[in-house]
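Open the model in your viewer and keep the selection tool at hand.

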Amino acid sequence: MIDLNSSEIMSAQEASKIWGKSESYVRISLRQNPDKWPKGSYRRFGKTIIVTVEGMEAVTGQKDPRTK
């Protein structure tokens, strides 16, 4: 079962803020470089994009800033 309350799953806007990026960072990254995102690390629900920590770490090259 997938835990939707997990801190490993977040909205694109929340993830961008945590990693110190612009609010549209994830959306632009997915449009320009979808191959950088590991399979299963993001999903679109209508206009909402949900991402994983694994995906953000892969795309940004930075570990989760919340773990420091």
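Select tyrosine 42 and show what lies around it. Leaving aside residues up to four places away in sequence, tyrosine 42 touches Leu30, Trp37, Ile50 and Val51. This is a predicted model. Tyrosine 42 sits in strand β2, which covers residues 42–45. With a relative accessible area of 31%, tyrosine 42 is partly exposed.

Now show the side chain of tryptophan 37. Is tryptophan 37 buried or exposed? It counts as buried, because its relative accessibility is 5% and the cut-off for buried is under 20%. Tryptophan 37 and tyrosine 42 form an aromatic pair, with 5.9 Å between the ring centres and 70° between the planes. The pair is edge-to-face, since planes over 60 degrees apart count as such. The structure holds one aromatic pair.

Move on to the helices. Select α2 (residues 25–32) and α3 (residues 53–60), which pack at an angle of about 70° with their axes 12 Å apart. That angle makes α2 roughly perpendicular to α3, because the range for this term is 65 to 115 degrees. The crossing of α2 past α3 is left-handed.

To view the contact itself, select Tyr25, Val26 and Ser29 on α2, then Met56, Val59 and Thr60 on α3. Colour the contact of α2 with α3 by class: four residues are nonpolar, two are polar and none is charged.

Technical notes
Residues are numbered from 1 along each chain as its sequence is written. This is a predicted model: local features need pLDDT of at least 70, side-chain atom pairs count only at pLDDT 80 or more; totals for chains, interfaces and linings use all residues. Side-chain values use heavy atoms; hydrogens and water are left out. Axes are lines fitted to C-alpha atoms, for helices over the stretch in contact, and angles run from 0 to 180 degrees between N-to-C directions. Helices (H or I, at least four residues) and strands (E, at least two) are DSSP runs, numbered from the N terminus. Angles under 35 degrees count as roughly parallel, over 145 as roughly antiparallel, 65 to 115 as roughly perpendicular and the rest as oblique. A crossing is left-handed if the near helix is turned anticlockwise from the far one by less than a right angle, and right-handed if clockwise. Contact means heavy atoms within 4.5 Å. Ala, Val, Leu, Ile, Met, Phe, Trp, Tyr, Cys and Pro count as nonpolar, Asp, Glu, Lys and Arg as charged, and the others, Gly among them, as polar. Rings of Phe, Tyr and Trp (its six-membered ring) pair if their centres lie within 6.5 Å; planes under 30 degrees apart count as stacked, over 60 as edge-to-face and the rest as tilted. Buried means under 20% relative accessible area, exposed over 50%, partly exposed in between (1.4 Å probe, protein chains only).
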